[in-house]
Amino acid sequence: MLRHLTIKDFAVVRATDLEFGPGMTVISGETGAGKSLLVDALGFLSGARADAGVVRHGAQRAELSAEFDLAPAAPALHWLAEHALDEAGACQLRRVLRADGGSRAWINGRAVPVSQLAELAGLLVEIHGQHEHQALLSKPRQLDLLDAFAGSAPQLAKVRQAAAAWSALLAERERLTAQGDVSDRLNYLQHQLDELRAEDLGLEAIEALSQQHRRQAHASSLIQACEDGLARLSGDEGPSASRLLLQTRAELARVLSHEPRLGEVDSLLDSAQIQLQEALALLNQVRDDLDVDPVQFERAERRLGRLHDLARKHRVAPEQLDEVATRIEQELDGLRGAGERLAGLNAEIEAARQAWKAAAAALTKVRTKAAASLARQASALIGELGMGGGKLEVQLEPVDAERPDAQGAERVELLVAANAGQPPRPLRKVASGGELSRISLAIEVAALGSDAVPTMVFDEVDSGIGGAVADIVGKKLRDLGRARQVLCVTHQPQVAAQGHAHYRVSKAPVDGMTQSSVESLDADARREELARMLGGVQVSAEARAAAGKLLEAVD
């Protein structure tokens with residue numbers, strides 16, 4: 001559950017630290033005091049889109065932080081461990097909203113994407129806004145509500161998995177049948193492959209061919225260069241490097257005894273003479289290997305030309321032709337097995353369809369049972385909320401079972417009758433806004449606690465009701481507080497009286513700037529706040545007495 005909430009430079013809140021306990025905590029205050037800002041802060045900590053407008057005027061950023069206590073088997077604890085964000089059982093969410101519109105998020109002190117923050121927050125907090133009934137008009141939201149009430153996540157996961165498998169097989173069949181008669185394509189690809197495999201396309205072979213072509217193209221100049229080099233290094237006519245080297249060593253040997261350092265010079269010249277002899281041997285070998293061979297040159301020219309023609313044809317470099325050939329072989333293998341694959345696919349598709357139908361039937365069974373239970377509970381609450389004779393029906397509408405549907409074999413339509421004797425009509429067609437608000441609240445209250453989210457937040461969901469109806473809503477929320485932590489922003493004293501704890505939000509100018517503050521109320525302050533909610537700004541003795549009676553009536 002939520003243990004601690006810290007807010008700094010958020011809207012009209014300079015700084016506040018709030019502690020929360022189990023049960024139902026009420027948050028009240030005058031209109032415009034900023035009591036819903038606490039819900040907004042939790043919304044941003046739950047991944048809501050960053051909004052620079054919530055940064056307090058004059059501040060560079062707003063900072064929000066929430067700490068949660070987790071039960072030993074809590075899904076959030078498993079999520080933290082799975083994402084390597086666990087920290088000795090701690091669970092802290094933090095978000096900074098900058099005045100330039102940017103934001104950053106942290107979980108247990110480690111920076112994370114906002115999407116991860118939202119994913120974890122979804123396991124910790126469930127926020128019900130005062131316009132929740134508008135979302136409930138959506139048929140997808142109605143289906144989600146029923147599935148949450150039914151606890152059908154395992155069955156729904158199997159349906160989605162079966163639908164994905166069925167869809168994949170159908171898509172594969174469509175791809176294969178779209179190819180039509182593949183014989184022409186097979187012949188074309190085989191011709192291309194034969195052209196490519198007629199050549200040696202290995203990288204080493206292409207490089208060797210290129211070297212051979214260059215060597216033959218420049219054979220004459222290479223031979224002349226080798227012969228000139230041999231003449232300069234060891235020629236019989238004129239001075240040569242070998243002769244000059246020997247002559248120098250002989251002259252130095254005559255005076256070596258007079259200068260010891262000349263011995264080192266002689267050693268170096270000896271090494272040079274050895275290397276020169278090795279160079280001469282290699283140069284002779286190269287010269288002997290060289291030969292002007294027009295036939296060999298023409299053969300290399302033709303082979304290299306074919307490689308470049310193939311490269312242009314396939315729009316790749318010659319070195320990539322082997323990869324092209326491999327791809328063609330793979331496509332040929334796929335096409336050759338297309339006919340056999342098509343024959344087998346039909347059987348696989350039928351098996352996948354039957355698997356989906358079995359999974360969908362199991363989901364339908366769970367939904368049908370839950371629909372009856374939800375309708376019964378919500379109908380009872382509709383009556384309690386001042387609409388005697390009103391009832392709810394949860395209608396399951398079949399969908400086409402011949403195509404894979406990840407949501408199952410039906411959709412949901414909530415039908416309501418606001419008064420006795422009236423035929424049920426779709427919830428989205430209920431005319432009265434007040435009736436719609438109360439009916440939606442009855443549905444939400446009936447479905448509350450269907451999931452494992454430990455903290456439930458209600459932002460003025462009691463708007464538009466009062467008196468005995470508000471008292472019933474407060475009692476329902478208090479009952480829910482016995483199983484979940486409940487935070488409730490309200491302007492109804494009958495609802496506020498049901499809380500286990502009470503915060504009051506007020507605003508006042510500080511240094512010329514309006515600021516909100518949050519105060520935890522003791523018993524006396526709480527009675528005074530309820531009296532204000534009952535009687536307005538001027539609190540009378542009668543209002544205080546009525547507030548005392550509201551508190552005394554709480555179980």
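Okay, let's start with a glycine: G47 comes after helix α1, and its phi is positive, near 100°. Before I go on, keep in mind that this is a predicted model.

Now look back at the helix itself. How much of α1 is buried? Of its 9 residues, 8 are buried, so the rest of the structure largely encloses this helix. If you want to find them on your screen, they're L37, L38, V39, A41, L42, G43, F44 and L45. And here's a handy bit of background: an α-helix has 3.6 residues a turn, so residues three or four places apart point the same way.

You'll find A59 in the loop that runs between α1, residues 37-45, and β4, residues 61-68. Is A59 buried or exposed? Its relative accessibility is 16%, and the cut-off for buried is under 20%, so A59 counts as buried. What does A59 touch, if we skip residues up to four places away in sequence? That would be D9 and A99. For a sense of scale, take R532: A59 and R532 sit 473 residues apart in sequence, and from C-alpha to C-alpha they're 33 Å apart in space.

Three strands make up an open sheet, ordered β9-β10-β11, with antiparallel pairing. At the edges are β9, residues 391-398, and β11, residues 425-426, and each of those pairs on one side only. Between β10, which covers residues 410-417, and β11 there are 2 bridges, again antiparallel.

Last topic: the nonpolar cores. The largest one has 54 residues, and the ones with the most contacts inside it are L392, V394, L414, L427, I443 and F458. Which helix gives this core its largest share? It's α15, residues 433-447, which puts in 8 residues.

Leaving out residues up to four places away in sequence, V394 touches L146, A371, L374, A375, V412, E413 and L414. Apart from that core there's another one, with 44 residues, and among them are L38, L85, L97 and V112.

Terms used:
Residues are numbered from 1 along each chain as its sequence is written. This is a predicted model: local features need pLDDT of at least 70, side-chain atom pairs count only at pLDDT 80 or more; totals for chains, interfaces and linings use all residues. Side-chain values use heavy atoms; hydrogens and water are left out. Helices (H or I, at least four residues) and strands (E, at least two) are DSSP runs, numbered from the N terminus. Buried means under 20% relative accessible area, exposed over 50%, partly exposed in between (1.4 Å probe, protein chains only). Contact means heavy atoms within 4.5 Å. Two strands pair if DSSP finds at least two bridges between them. A nonpolar core is a set of buried Ala, Val, Leu, Ile, Met, Phe, Trp, Tyr and Cys residues joined through side-chain atoms within 4.5 Å.
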